[in-house]
Amino acid sequence: DSDGSVGRVDFYAGTTLIGSATSAPYSVTWSNVAAGNYSLTAKAVDNGGASRTSTAVNITVTMPVNVPPSTGITTPAAGTHFAAGSAVTVTAAASDSDGSIASVMLYADGVVFASLSGASPPYTATLTGLATGVHALTAKVTDNGGASTTSAAGNITVGAAGGNGTVTLQDVGGGYGGP
């Protein structure tokens, strides 16, 4: 100000005052701005009450992109074998770089066997009643913004229940001799 001093600077979005500053470098923080187009101005008021408004600067505020969460089955390891009738403990890892985890669903062969909404890590459930054969385990995680990701499948194998017994091999002078 050539004939005095700057008393304050008022900042506007359109006609709405978003804040005032009384010392250099005259700035304000505008928080929680909704997506949209805005015309911003600054109005300097001097110690005598005179004022002047800057030329408008037009800006566009966009909502950030919601990055999908990540997930994967951590146990059992792919390729693990289980005896028929075994209980299988399944654990999934889940993380979200720009939010929080809202739910984790655990699947065996595409069928949900555990829904872990509001749960905290580790995301674990027990799977029982698997038939003999190969089974695909997956996890689907959804974040607080509604984005979801399904893990790669990890296959496990359920085999016939093993029995207990003893096998004796004998070497009798020229080869195996047994029943």
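Predicted model: local features only at pLDDT ≥ 70, side-chain atom pairs only at ≥ 80, totals over all residues.
## Strand 3 and its partners

Let's start with strand 3, which covers residues 36–46. On one pairing, strand 1 (residues 6–13) runs antiparallel to strand 3, with seven bridges joining them. Within that pairing, Tyr 12 has Thr 41 as its bridge partner in strand 3. Strand 5 (residues 57–61) also pairs with strand 3, again antiparallel, this time over five bridges. Here you can look for Asn 37, which sits opposite Thr 60 in strand 5.

Then there's strand 4 (residues 51–53), which pairs with strand 3 in the antiparallel sense over three bridges. Ala 44 has Arg 52 of strand 4 as its bridge partner. Strands 3 and 4 make a hairpin with four residues between them. Check out Gly 49 in that turn: its phi is positive, at about 95°.

Ala 42 belongs to strand 3. Its relative accessibility is 21%, so it counts as partly exposed; the cut-off for buried is under 20%. Leaving out residues up to four places away in sequence, Ala 42 touches Val 9, Asp 10 and Phe 11, along with Arg 52, Thr 53 and Ser 54. Take Thr 53: it is 11 residues from Ala 42 in sequence, yet their C-alpha atoms are 5.7 Å apart in space.

## One salt bridge

The count of salt bridges comes to one. It links the side chains of Arg 8 and Asp 10, with 3.0 Å from N to O. As a general point, side chains of opposite charge can pair when their charged atoms come close.

Strands 6 and 8 pair over five bridges. For a landmark, find Gly 72, which stands opposite Ala 93 in strand 8.

## The nonpolar core

The largest nonpolar core takes in 20 residues, and Val 88, Val 104, Leu 106, Leu 127 and Leu 130 have the most contacts inside it. Strand 8 (88–95), strand 9 (101–108), strand 11 (123–127), strand 12 and strand 14 (154–159) each give two or more residues to this core. In general, nonpolar side chains tend to be buried together in soluble globular proteins.

Not counting residues up to four places away in sequence, its contacts include Ile 73, Val 90, Ala 92, Phe 113, Tyr 123 and Ala 139.

## His 135, a buried polar residue

His 135 is in strand 12 (residues 133–143). At 8% relative accessibility, His 135 counts as buried, since that value is under 20%. So what does its side chain make a polar contact with? The side chain of Asp 109, at 2.6 Å. A polar atom of the His 135 side chain also lies 2.6 Å from the backbone oxygen of Ala 131.

Setting aside neighbours within four places in sequence, His 135 is in contact with Asp 109 and Leu 130, plus Gly 154, Asn 155, Ile 156 and Val 158.

Key: Residues numbered from 1 in each chain as written. Heavy atoms only, no water. Buried < 20%, exposed > 50% of the residue type's maximum accessible area, 1.4 Å probe, protein only. Polar contact = N/O pair within 3.5 Å; in protein donor to acceptor, adjacent residues only side chain to side chain. Contact = heavy atoms within 4.5 Å. Core = buried A, V, L, I, M, F, W, Y, C linked by side-chain atoms within 4.5 Å. Pairing = 2+ DSSP bridges. Salt bridge = Lys/Arg side-chain N within 4 Å of Asp/Glu carboxyl O.
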